[in-house]
Amino acid sequence: MKIIQWLVILLVIGELVWTNTLVRSGRDVTATDLAISELRRQNEELAYQVASASAILTIAQKAKEAGFVTPLPSQFVMMGGETLPVALVP
Amino acid sequence: MRIWTLFLFVTLFFSIICVRLFYWQIIEGDALRAEAIAQYSLSLTIPSVRGVIASVDGSPLAMNEQTSLVYAEPKNIADTIIFTKLVAPVLRVEESSISALLSIPNRVWVPLARKVDRAIKEELQKLPFKGIGFEPEPKRYYPEASMAAHLLGFVGSDEHGLDQGYFGLEGYYDRLLRGRAGSIELQKDVQGSAILVGDAKRIEAEDGRSLTLYVDRTVQAIVERRLRDGMQKYGAKAGTVTIMDPKTGGVLAMAAFPAYDPGDFGAYERDVYKNPIVASTFEPGSTFKVLVMSGAIDQNAVAADTTMQESGPVQVGQYAIRTWNNEYRGSITMTDVIVHSSNVGMVFAGGRIGKEKFLKYLHAYGIGEPTGIDLQDESSAELRPDNEWRDIDLATASFGQGIAVTPIQMIRAVSALANGGALMEPHIVKEIIDSTGKKVEIKPKKVRQVVSPRAASVLTEMMIAAVDRGEAKWAKPKGYRIAGKTGTAQIPVAGHYDPKKTIASFVGFAPADNPKFVMLVTLTEPSSSPWGSETAAPLFFNIARDLFTYYSLPASQ
């Protein structure tokens with residue numbers, strides 16, 4: 001009889017602890033959901049930055065700033081002063 | 001007496017209790033239950049993410065940008081006048097509109113502005129007061145700005161304020177791209193955190209599908225730059241360039257000007273939203289001759305070396321049909337008819353086919369019916385019924401007058417010649433990818449065999465001769481075998497043709513022996529010259545030169 005009483009008390013305590021743990025872990029789930037949504041937001045932001053940086057318009061603009069020019073039928077650079085023209089494009 | 005009084009008092013007392021219980025449980029029951037549910041349950045919408053549209057190399061042409069919905073909580077605002085004065089200039093809205101929103105009685109939440117970008121949000125966050133909040137809200141972003149605008153379409157709002165795609169791919173694939181929103185309902189504790197032992201109901205959002213296109217963004221950029229320059233050089237009011245892979249029907253590039261920025265579509269006139277390549281018709285003029293001639297060759301009604309006498313205008317009923325320059329070359333072959341774009345010669349070839357077969361080829365090439373391209377705004381001019389075709393209609397149609405086509409119909413028909421006579425269904429989208437990464441390929445679809453491979457091959461040689469010996473030979477890149485045909489169509493105005501207003505065009509494919517691309521160029525009302533050979537043809541060849549370099553296609557001659 002005593003064993004049953006102790007068992008009931010033990011089970012009640014166990015139930016309380018288990019329920020409390022579950023309720024507390026609800027906060028962890030909420031925090032995890034928030035973390036997921038934050039990571040998703042950061043991922044979208046990075047994709048946006050990559051797309052902006054790799055757009056053809058951006059690349060063309062940067063190439064122009066770096067000195068690249070549209071190829072012409074004939075192009076020369078002068079080497080050794082202005083006496084030795086070297087053909088870049090025939 | 002006293003017992004009756006007590007009885008009445010008790011009865012009245014319990015009646016009042018019953019009435020009160022009826023009021024709270026039956027009349028106010030639903031509202032109280034809803035209030036209770038709101039206190040212990042959490043209900044959230046899980047928004048779906050709109051799918052990405054990417055070019056063939058995976059680079060995004062349309063994607064999502066994180067913006068914010070800005071809202072106000074009137075009950076938390078200490079001074080609405082100061083609030084309005086500070087917030088309105090940052091949001092770039094009238095102060096009166098914010099005041100009006102804040103003055104609506106019993107409102108706890110008032111949306112102030114939608115799709116606000118990060119810089120404005122950060123500026124608002126610096127303001128020293130409470131009562132303003134932000135909710136994340138995606139906005140469509142087009143990394144290449146106005147590039148391929150007509151092809152992509154744009155995302156606006158429907159009557160409920162929800163995102164909806166309009167025109168182009170955004171419109172055609174709207175339901176696939178937008179996906180399906182999910183929801184979550186669970187019980188919460190006093191701090192708003194989820195209670196896992198309570199009832200929970202979660203319906204996951206299904207993100208929109210993403211699209212991978214046949215379109216190559218480098219080719220698209222080349223085409224748009226060349227078309228813009230060409231329109232400026234030749235003084236054209238409008239222009240289009242369409243490039244297609246003849247073997248698959250996949251559209252490699254599609255450009256039309258004037259265009260608009262799909263990220264700022266509201267700043268443009270509505271007329272410009274329509275894609276003229278699929279939604280506008282034009283009289284194709286001489287480019288149409290290759291289709292009629294292919295039918296004549298296919299029927300063995302003529303051969304490439306069949307000769308006819310081009311000695312003067314040909315009379316059809318009461319009408320005299322002349323050559324474009326009113327010059328006549330005597331005995332000429334069918335190849336010469338194409339090379340010199342002889343209207344008289346085409347009347348001869350069209351007459352050899354006969355009305356019934358002539359119309360059969362028009363139908364087989366898909367003239368008069370939509371192509372089935374996956375763009376929202378496709379339309380098509382209907383052909384007149386077969387029994388209403390007169391001799392003069394047949395004669396003028398043989399050289400591309402009195403018949404209307406859309407640019408997509410025209411390029412698809414010529415693609416059939418580049419593809420051994422097989423007509424393909426044009427497509428923009430190559431693959432559809434769902435949110436789990438599963439890919440569904442849209443396989444090339446052959447619609448029908450229009451002419452035999454032999455006829456297609458003969459026509460290819462005729463078109464090569466037209467490029468090598470025709471009016472536009474001066475502009476051709478040396479060393480390449482290019483098949484093509486110029487076209488100059490007058491624009492019908494108030495029942496007659498205006499000789500000064502033309503649509504100049506050039507259609508062709510290269511390399512002719514194993515075509516990598518078919519291209520159609522149209523220029524509306526070029527002012528430097530009305531002729532296709534002096535405007536559309538050089539533009540075609542300029543783009544072709546760039547494509548030869550891009551695709552590493554060597555010269556063969």
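Residues are numbered from 1 along each chain as its sequence is written, and chains are lettered from A in the order in which they are written. Because the model is predicted, local features need pLDDT of at least 70 and side-chain atom pairs count only at pLDDT 80 or more, whereas totals for chains, interfaces and linings use all residues.

Chain A contains two helices and two strands, where helices (H or I, at least four residues) and strands (E, at least two) are DSSP runs numbered from the N terminus. From the N terminus on, the order of these elements is α-α-β-β. Of the 90 residues in chain A, 4% are buried; a residue is buried if 20 or more other C-beta atoms, placed from the backbone, lie within 10 Å of its own. Helix α2(A), residues 56-65, has one buried residue among its ten, so it lies largely in the open. After α2(A) comes Gly67(A), with a positive phi near 100°.

The contact between the chains involves 19 residues from chain B and 19 residues from chain A, two residues being in contact if their C-beta atoms, placed from the backbone, lie within 7 Å. On the side of chain B that touches chain A, at least two residues each come from β3 (60-72), β5 (132-141) and α9 (217-234). The largest share, five residues, is supplied by β3(B). By class, this side of chain B has eleven nonpolar, four polar and four charged residues; Ala, Val, Leu, Ile, Met, Phe, Trp, Tyr, Cys and Pro count as nonpolar, Asp, Glu, Lys and Arg as charged, and the others, Gly among them, as polar.

A nonpolar core is a set of buried Ala, Val, Leu, Ile, Met, Phe, Trp, Tyr and Cys residues joined through C-beta atoms within 7 Å. The largest has 133 residues, of which Met293(B), Tyr365(B), Ile428(B), Leu459(B) and Phe540(B) touch the most other members. Another core, of ten residues, lies apart from it and includes Val70(B) and Leu102(B).

Helices α13 (residues 343-353) and α15 (residues 391-398) of chain B pack at about 120°, with their axes 8 Å apart; axes are lines fitted to C-alpha atoms over the stretch in contact, and angles run from 0 to 180 degrees between N-to-C directions. The two helices are therefore oblique to each other, as angles under 35 degrees count as roughly parallel, over 145 as roughly antiparallel, 65 to 115 as roughly perpendicular and the rest as oblique. In this contact, Met346(B), Val347(B), Ala349(B) and Gly350(B) meet Leu394(B), Ala395(B) and Ser398(B).

Note on methods. Buried ≥ 20, exposed ≤ 12 C-beta atoms within 10 Å, placed from the backbone.
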